[in-house]
Amino acid sequence: MVSSTVEFSERAANVFLHVLTRCNLRCRHCYINPAQHGRTRLPIGRIERWLEVFAARSPGANLVLLGGEPTLHPDLPRAVRRARSLGFGSITIDTNGYLFHDILEQVTPAEVDVFSFSLDGAAAATNDRIRGRGSFDACLNGIRRSRAKGFRTSLITTVSRANLHELPAMGALLEAAGVESFFIQVLGLRGKAAVAGGDSGAPEMERVPAAEWRAQVPAAAEAIARRGIRVIYPRVFLEPGEPFACAGRVADNYFAFPNGRVYRCPLCEDFPLHSLAFEGDRLAERPRLNEKDLFRLEIAEGCVMHALIQPGPRPFEGLPVQRIGCCLLKREVPPA
Ligand code: SF4
Ligand code: SF4
């Protein structure tokens, strides 16, 4: 099995459209920040017009509909159908598994390419400590129901020190659930995690140091792929000499929020640094300074937002600089 780094592609555009920010769960690491992203639910007419803007700007883009919990939006099926008619390359719905508004009855596998679930532990106790009581069972139940309806499913786990030890055990769970692809995410200090890790005095949900990440994540990914599951994980910690690239400079990604903010980099989302904004239904460039000015900076640490990812003592305190890769740079391990 040969793993490979998935380079950014100028041709592969990705649109992440947050149709609302409301959610039934209160995950400890939730990156949604109502002060920055708003509390509104996008009306369906506006969703459709924004989809038209993205479809015209980046034809064939991959679309991810997310929230909050996007299935809380009663018009999600209509958004899916409009996206399909506009020619998006793929359509994914990110969900915590509760699948509100009978979504599985309202859309078909011909309309939705993948339901992507979120689970943060192989044991209910671990996951529920992070995502809330009952969320483990709800997620697995949602996967079962989706598969019974013929939908393809993937699963996302945000890795922190609270669940790193359970990564190897995820393989059996994913295999039993029939999940086709497994996405590992790295915990960053944004949203609730930023508040906890900042000045509030609340304990941070502990990001994983480089040595632990290197020792555990790639090996776990390889083992899970041997079960016939495609695994994708972020590079995070670059090796000496390994090239650095910022997706904000070379890729075509959009992270759009109900208040009209559109970012090119997810790590910038806690700040009013968005480089684009919907003004009504027109997508406009924002004046400087914004995230694009950050993407241009060449710094020894690699990613200019590295402090959100990198735990422990900062460089320049007598320690060698650990370069942080772009969080959008992934390694893919194909299924065995
Ligand atoms: S399910 Fe997603 S949107 Fe909801 S609280 Fe958890 S991380 Fe946030
Ligand atoms: S995560 Fe860092 S490297 Fe990637 S787009 Fe954002 S600023 Fe650039």
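The shell around ligand 1 divides into 5 nonpolar, 4 polar and 3 charged residues, where Ala, Val, Leu, Ile, Met, Phe, Trp, Tyr, Cys and Pro count as nonpolar, Asp, Glu, Lys and Arg as charged, and the others, Gly among them, as polar. This is a predicted model, in which local features need pLDDT of at least 70, side-chain atom pairs count only at pLDDT 80 or more, and totals for chains, interfaces and linings use all residues. Residues are numbered from 1 along each chain as its sequence is written, while chains are lettered from A and ligands numbered from 1 in the order in which they are written.

**Ligand surroundings**

- Ligand 1 is surrounded by Cys-23, Leu-25, Arg-26, Cys-27, Cys-30, Ile-32, Gly-67, Gly-68, Glu-69, Asn-96, Ser-118 and Arg-131; a residue is near a molecule if its C-beta atom, placed from the backbone, lies within 6 Å of it.
- Around ligand 2 there are 13 residues, of which Cys-246, Gly-248, Cys-265, Cys-303 and Cys-326 come nearest.
- The shell around ligand 2 holds 12 nonpolar residues and 1 polar residue, with no charged ones.
- At least two residues of the ligand 2 shell come from each of helix H10 (247-250) and helix H11 (291-295).

**Overall fold**

- The protein chain contains 11 helices and 13 strands; helices (H or I, at least four residues) and strands (E, at least two) are DSSP runs, numbered from the N terminus.
- The radius of gyration of the protein chain is 19 Å, close to the 20 Å that the globule rule gives for 336 residues, so the chain is as compact as a globular protein of that length; the radius is taken over C-alpha atoms, and the rule is 2.2 Å times the number of residues to the power 0.38.
- The C-alpha trace spans about 55 × 50 × 40 Å along its principal axes.

**Backbone features**

- Arg-288 and Leu-289 are joined by a cis peptide bond with omega about -5°, and Leu-289 is found in the loop between strand E12 (282-285) and H11.
- Leu-99, in the loop between strand E4 (90-95) and helix H4 (103-106), has a positive phi near 50° although it is a residue other than glycine.
- Leu-99 counts as buried because it has 22 C-beta neighbours inside 10 Å.
- His-101 counts as partly exposed, with 14 C-beta neighbours inside 10 Å.

Conventions
Buried ≥ 20, exposed ≤ 12 C-beta atoms within 10 Å, placed from the backbone.
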